[in-house]
Amino acid sequence: MPRTPKILCVYYSFSGQTTKLVRAFAEGFVHGGGEAVIVRLHPVEKIHFPFQSIFSAFWMMFRTLFRIRDKVSERAGDAEGFDAVLIGGPTWSFNPSGPVLSWLDEEGREVLANKRVVPLISCRGYWGLHHWELKRAIKSLGGTSLSPLVFTHPVAEPWRSVGVFLSLVGKRPERMPFFGKRYPRYGHSSDQVEDARRLGSELAHLLAKEGDEGPKSGWRGLVA
Ligand SMILES: Cc1cc2nc3c(=O)[nH]c(=O)nc-3n(C[C@H](O)[C@H](O)[C@H](O)COP(=O)(O)O)c2cc1C
(Lines give C-alpha, C1' and ligand atoms only; values in the text may rest on other atoms or scores of the structure.)
Protein backbone atom coordinates (compact mmCIF):
# COMPACT_ATOMS: atom_id res chain seq x y z
CA MET A 1 0.00 0.00 0.00
CA PRO A 2 1.71 3.29 -1.07
CA ARG A 3 2.18 5.94 1.64
CA THR A 4 0.48 9.31 1.41
CA PRO A 5 3.30 11.84 0.95
CA LYS A 6 2.96 15.17 2.74
CA ILE A 7 4.32 18.53 1.75
CA LEU A 8 4.41 21.80 3.68
CA CYS A 9 4.25 24.86 1.40
CA VAL A 10 5.47 28.06 3.04
CA TYR A 11 5.30 31.15 0.85
CA TYR A 12 5.00 34.89 0.57
CA SER A 13 3.31 36.73 -2.29
CA PHE A 14 3.08 40.49 -2.77
CA SER A 15 1.07 40.80 -5.97
CA GLY A 16 -0.58 37.37 -6.13
CA GLN A 17 1.71 35.58 -8.60
CA THR A 18 3.34 33.17 -6.15
CA THR A 19 -0.10 32.50 -4.66
CA LYS A 20 -1.40 31.25 -8.04
CA LEU A 21 1.62 28.99 -8.52
CA VAL A 22 1.70 27.57 -4.99
CA ARG A 23 -2.04 26.90 -4.98
CA ALA A 24 -1.82 25.08 -8.31
CA PHE A 25 1.23 23.13 -7.15
CA ALA A 26 -0.54 22.08 -3.94
CA GLU A 27 -3.70 21.11 -5.84
CA GLY A 28 -1.57 19.02 -8.18
CA PHE A 29 0.15 17.42 -5.21
CA VAL A 30 -3.20 16.44 -3.69
CA HIS A 31 -4.43 15.22 -7.08
CA GLY A 32 -1.28 13.07 -7.25
CA GLY A 33 -2.28 11.32 -4.02
CA GLY A 34 -0.52 13.51 -1.44
CA GLU A 35 -1.46 15.92 1.31
CA ALA A 36 -0.45 19.56 1.21
CA VAL A 37 -0.50 22.14 3.98
CA ILE A 38 -0.10 25.78 2.93
CA VAL A 39 1.22 28.55 5.17
CA ARG A 40 1.11 32.04 3.66
CA LEU A 41 3.45 34.55 5.26
CA HIS A 42 2.25 38.11 5.99
CA PRO A 43 4.56 40.92 7.00
CA VAL A 44 3.79 42.34 10.44
CA GLU A 45 4.03 45.80 8.90
CA LYS A 46 1.67 45.46 5.97
CA ILE A 47 3.13 46.11 2.51
CA HIS A 48 0.35 47.30 0.20
CA PHE A 49 0.00 46.19 -3.40
CA PRO A 50 0.14 48.22 -5.55
CA PHE A 51 2.68 50.61 -4.10
CA GLN A 52 1.05 53.92 -3.23
CA SER A 53 3.72 55.96 -5.01
CA ILE A 54 6.73 55.62 -7.30
CA PHE A 55 8.87 56.64 -4.35
CA SER A 56 7.63 53.75 -2.17
CA ALA A 57 8.31 51.27 -5.04
CA PHE A 58 11.87 52.55 -5.42
CA TRP A 59 12.35 52.57 -1.67
CA MET A 60 11.35 48.90 -1.44
CA MET A 61 13.67 48.00 -4.34
CA PHE A 62 16.51 49.87 -2.68
CA ARG A 63 16.12 48.30 0.76
CA THR A 64 15.72 44.78 -0.64
CA LEU A 65 19.03 45.19 -2.48
CA PHE A 66 20.50 44.99 1.04
CA ARG A 67 18.33 42.04 2.02
CA ILE A 68 16.46 43.96 4.71
CA ARG A 69 14.10 41.58 6.49
CA ASP A 70 10.34 42.13 6.84
CA LYS A 71 9.18 40.41 10.01
CA VAL A 72 6.26 38.02 9.47
CA SER A 73 3.38 37.10 11.79
CA GLU A 74 3.10 33.39 10.90
CA ARG A 75 4.86 30.32 12.25
CA ALA A 76 4.72 27.14 10.19
CA GLY A 77 5.20 25.07 13.36
CA ASP A 78 6.38 21.52 13.64
CA ALA A 79 7.35 19.98 10.28
CA GLU A 80 7.52 16.47 11.72
CA GLY A 81 5.79 14.03 9.40
CA PHE A 82 6.28 16.09 6.22
CA ASP A 83 8.26 14.47 3.40
CA ALA A 84 9.23 17.78 1.84
CA VAL A 85 8.87 21.51 2.26
CA LEU A 86 8.27 24.01 -0.54
CA ILE A 87 9.49 27.53 0.07
CA GLY A 88 8.05 30.03 -2.39
CA GLY A 89 8.17 33.74 -3.08
CA PRO A 90 9.01 36.54 -5.49
CA THR A 91 12.44 37.85 -6.41
CA TRP A 92 13.01 41.32 -4.97
CA SER A 93 16.02 43.21 -6.28
CA PHE A 94 17.73 39.93 -7.26
CA ASN A 95 17.20 38.51 -3.74
CA PRO A 96 14.57 36.48 -1.94
CA SER A 97 11.89 38.85 -0.57
CA GLY A 98 12.16 40.38 2.92
CA PRO A 99 9.32 38.27 4.40
CA VAL A 100 10.89 34.99 3.19
CA LEU A 101 14.32 36.01 4.51
CA SER A 102 12.78 36.89 7.85
CA TRP A 103 10.95 33.55 8.05
CA LEU A 104 14.16 31.67 7.23
CA ASP A 105 15.90 33.51 10.09
CA GLU A 106 13.08 32.90 12.55
CA GLU A 107 11.95 29.39 11.85
CA GLY A 108 14.03 28.04 9.01
CA ARG A 109 16.22 25.73 11.10
CA GLU A 110 13.29 24.23 12.98
CA VAL A 111 11.31 23.51 9.82
CA LEU A 112 13.94 22.78 7.17
CA ALA A 113 16.51 20.70 9.09
CA ASN A 114 16.71 17.21 7.59
CA LYS A 115 14.01 18.04 5.07
CA ARG A 116 14.00 18.04 1.31
CA VAL A 117 13.20 21.54 0.19
CA VAL A 118 11.81 22.66 -3.16
CA PRO A 119 12.44 26.35 -3.88
CA LEU A 120 9.70 28.01 -5.93
CA ILE A 121 10.57 31.36 -7.47
CA SER A 122 8.23 33.83 -9.16
CA CYS A 123 10.05 36.64 -10.92
CA ARG A 124 10.09 38.97 -13.87
CA GLY A 125 13.18 37.29 -15.29
CA TYR A 126 16.25 37.36 -13.02
CA TRP A 127 16.38 34.54 -10.55
CA GLY A 128 19.98 33.23 -10.47
CA LEU A 129 21.15 35.03 -7.33
CA HIS A 130 17.82 34.44 -5.59
CA HIS A 131 18.13 30.71 -6.18
CA TRP A 132 21.76 30.63 -5.14
CA GLU A 133 20.92 32.40 -1.88
CA LEU A 134 18.02 30.10 -1.13
CA LYS A 135 20.17 27.05 -1.80
CA ARG A 136 22.86 28.40 0.52
CA ALA A 137 20.33 29.19 3.26
CA ILE A 138 18.63 25.78 2.99
CA LYS A 139 21.99 24.02 3.27
CA SER A 140 23.12 26.09 6.23
CA LEU A 141 19.80 25.36 7.98
CA GLY A 142 20.34 21.62 7.56
CA GLY A 143 17.99 20.93 4.65
CA THR A 144 18.58 19.45 1.20
CA SER A 145 17.70 21.70 -1.69
CA LEU A 146 15.98 19.94 -4.61
CA SER A 147 15.83 21.31 -8.16
CA PRO A 148 13.82 24.53 -8.12
CA LEU A 149 10.61 25.58 -9.81
CA VAL A 150 11.33 28.90 -11.48
CA PHE A 151 8.65 30.92 -13.26
CA THR A 152 9.51 34.08 -15.18
CA HIS A 153 7.00 36.46 -16.75
CA PRO A 154 6.65 35.27 -20.36
CA VAL A 155 6.86 38.64 -22.15
CA ALA A 156 9.75 40.07 -24.22
CA GLU A 157 11.93 42.90 -22.96
CA PRO A 158 11.80 45.86 -22.63
CA TRP A 159 8.00 45.56 -22.33
CA ARG A 160 8.31 43.11 -19.47
CA SER A 161 10.41 45.32 -17.16
CA VAL A 162 8.46 48.48 -17.92
CA GLY A 163 5.15 46.59 -17.61
CA VAL A 164 6.12 45.11 -14.23
CA PHE A 165 7.11 48.50 -12.88
CA LEU A 166 3.90 50.14 -14.11
CA SER A 167 1.83 47.31 -12.62
CA LEU A 168 3.62 47.56 -9.27
CA VAL A 169 2.65 51.22 -9.02
CA GLY A 170 -0.99 50.53 -9.87
CA LYS A 171 -1.15 51.23 -13.62
CA ARG A 172 -2.76 48.85 -16.14
CA PRO A 173 -0.15 48.67 -18.94
CA GLU A 174 -2.04 45.85 -20.67
CA ARG A 175 -4.85 48.36 -21.33
CA MET A 176 -2.61 51.08 -22.76
CA PRO A 177 -3.14 51.54 -26.54
CA PHE A 178 0.41 51.05 -27.85
CA PHE A 179 1.96 49.23 -24.89
CA GLY A 180 -0.91 46.79 -24.40
CA LYS A 181 -0.29 45.16 -27.80
CA ARG A 182 3.15 44.08 -26.56
CA TYR A 183 2.25 43.43 -22.94
CA PRO A 184 -0.75 41.09 -22.62
CA ARG A 185 -0.71 40.76 -18.82
CA TYR A 186 1.21 41.25 -15.61
CA GLY A 187 2.67 38.02 -14.29
CA HIS A 188 2.45 34.37 -15.20
CA SER A 189 0.43 32.70 -17.94
CA SER A 190 -2.21 30.04 -17.40
CA ASP A 191 0.20 27.53 -19.03
CA GLN A 192 2.71 28.23 -16.29
CA VAL A 193 0.06 27.75 -13.62
CA GLU A 194 -0.77 24.40 -15.25
CA ASP A 195 2.94 23.52 -15.22
CA ALA A 196 2.98 24.16 -11.47
CA ARG A 197 -0.06 21.89 -11.06
CA ARG A 198 1.52 19.12 -13.16
CA LEU A 199 4.77 19.30 -11.19
CA GLY A 200 2.91 19.15 -7.88
CA SER A 201 1.33 15.92 -9.04
CA GLU A 202 4.67 14.60 -10.32
CA LEU A 203 6.40 15.24 -6.99
CA ALA A 204 3.62 13.51 -5.06
CA HIS A 205 4.03 10.43 -7.29
CA LEU A 206 7.81 10.40 -6.84
CA LEU A 207 7.60 10.76 -3.06
CA ALA A 208 4.93 8.07 -2.80
CA LYS A 209 7.09 5.64 -4.75
CA GLU A 210 10.30 6.16 -2.84
CA GLY A 211 9.21 5.77 0.79
CA ASP A 212 11.76 7.16 3.24
CA GLU A 213 14.87 6.32 1.27
CA GLY A 214 16.14 9.85 0.66
CA PRO A 215 16.09 12.29 -2.25
CA LYS A 216 14.65 10.73 -5.33
CA SER A 217 16.36 11.04 -8.64
CA GLY A 218 13.76 11.81 -11.27
CA TRP A 219 12.79 15.22 -9.88
CA ARG A 220 14.16 17.81 -12.26
CA GLY A 221 12.17 20.90 -11.28
CA LEU A 222 11.41 23.47 -13.97
CA VAL A 223 12.61 26.77 -15.34
CA ALA A 224 9.76 28.33 -17.33
C1 LIG B 1 10.38 45.42 -4.71
C2 LIG B 1 10.41 44.49 -5.91
C3 LIG B 1 11.61 44.16 -6.51
C4 LIG B 1 11.64 43.28 -7.61
N5 LIG B 1 12.85 42.91 -8.14
C6 LIG B 1 12.90 41.97 -9.12
C7 LIG B 1 14.16 41.51 -9.61
O8 LIG B 1 15.25 41.92 -9.16
N9 LIG B 1 14.16 40.57 -10.59
C10 LIG B 1 13.00 40.08 -11.13
O11 LIG B 1 13.06 39.24 -12.03
N12 LIG B 1 11.79 40.50 -10.68
C13 LIG B 1 11.71 41.43 -9.69
N14 LIG B 1 10.50 41.87 -9.22
C15 LIG B 1 9.26 41.35 -9.84
C16 LIG B 1 8.62 40.19 -9.03
O17 LIG B 1 9.59 39.23 -8.68
C18 LIG B 1 7.54 39.54 -9.90
O19 LIG B 1 6.60 40.50 -10.26
C20 LIG B 1 6.87 38.37 -9.20
O21 LIG B 1 6.16 37.61 -10.15
C22 LIG B 1 5.92 38.82 -8.11
O23 LIG B 1 5.46 37.73 -7.38
P24 LIG B 1 4.33 37.91 -6.22
O25 LIG B 1 3.10 38.42 -6.90
O26 LIG B 1 4.13 36.57 -5.64
O27 LIG B 1 4.84 38.91 -5.24
C28 LIG B 1 10.43 42.75 -8.13
C29 LIG B 1 9.21 43.11 -7.53
C30 LIG B 1 9.19 43.97 -6.44
C31 LIG B 1 7.88 44.30 -5.77
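This report describes the fold, the domains and the ligand surroundings of a predicted model.

## Overall fold

The protein chain contains six helices and eight strands. Read from the N terminus, these elements follow the order β-α-β-α-β-β-α-β-α-β-β-α-α-β.

The radius of gyration is 17 Å, which agrees with the value near 17 Å that a compact globule of 224 residues would have. The C-alpha trace spans about 60 × 35 × 25 Å along its principal axes. Of the 224 residues, 41% are buried. Among contacts with a separation of 6 or more, 81% join residues 24 or more positions apart.

## Domain organisation

Two domains are assigned to the protein chain: domain 1 (6-56 + 67-152 + 189-215) and domain 2 (154-187). Their centres, taken over C-alpha atoms, are separated by 26 Å. Domain 1 contributes 10 residues to the contact and domain 2 contributes eight residues. On the side of domain 1 that touches domain 2, three residues are nonpolar, six are polar and one is charged.

## Ligand surroundings

There are 22 residues around the ligand, and Ser13, Phe14, Gln17, Thr18 and Pro90 come nearest.

In terms of secondary structure, at least two shell residues come from each of helix 1 (17-31), helix 2 (54-65), strand 3 (84-92), strand 5 (116-123) and helix 5 (159-168).

How values were computed:
Residues are numbered from 1 along each chain as its sequence is written. This is a predicted model: local features need pLDDT of at least 70, side-chain atom pairs count only at pLDDT 80 or more; totals for chains, interfaces and linings use all residues. A residue is near a molecule or strand if its C-beta atom, placed from the backbone, lies within 6 Å of it. Helices (H or I, at least four residues) and strands (E, at least two) are DSSP runs, numbered from the N terminus. Domain bounds come from an automatic or database domain assignment. Two residues are in contact if their C-beta atoms, placed from the backbone, lie within 7 Å. Ala, Val, Leu, Ile, Met, Phe, Trp, Tyr, Cys and Pro count as nonpolar, Asp, Glu, Lys and Arg as charged, and the others, Gly among them, as polar. The radius of gyration is taken over C-alpha atoms; the globule rule is 2.2 Å times the number of residues to the power 0.38. A residue is buried if 20 or more other C-beta atoms lie within 10 Å of its own, exposed if 12 or fewer, and partly exposed in between; C-beta atoms are placed from the backbone.
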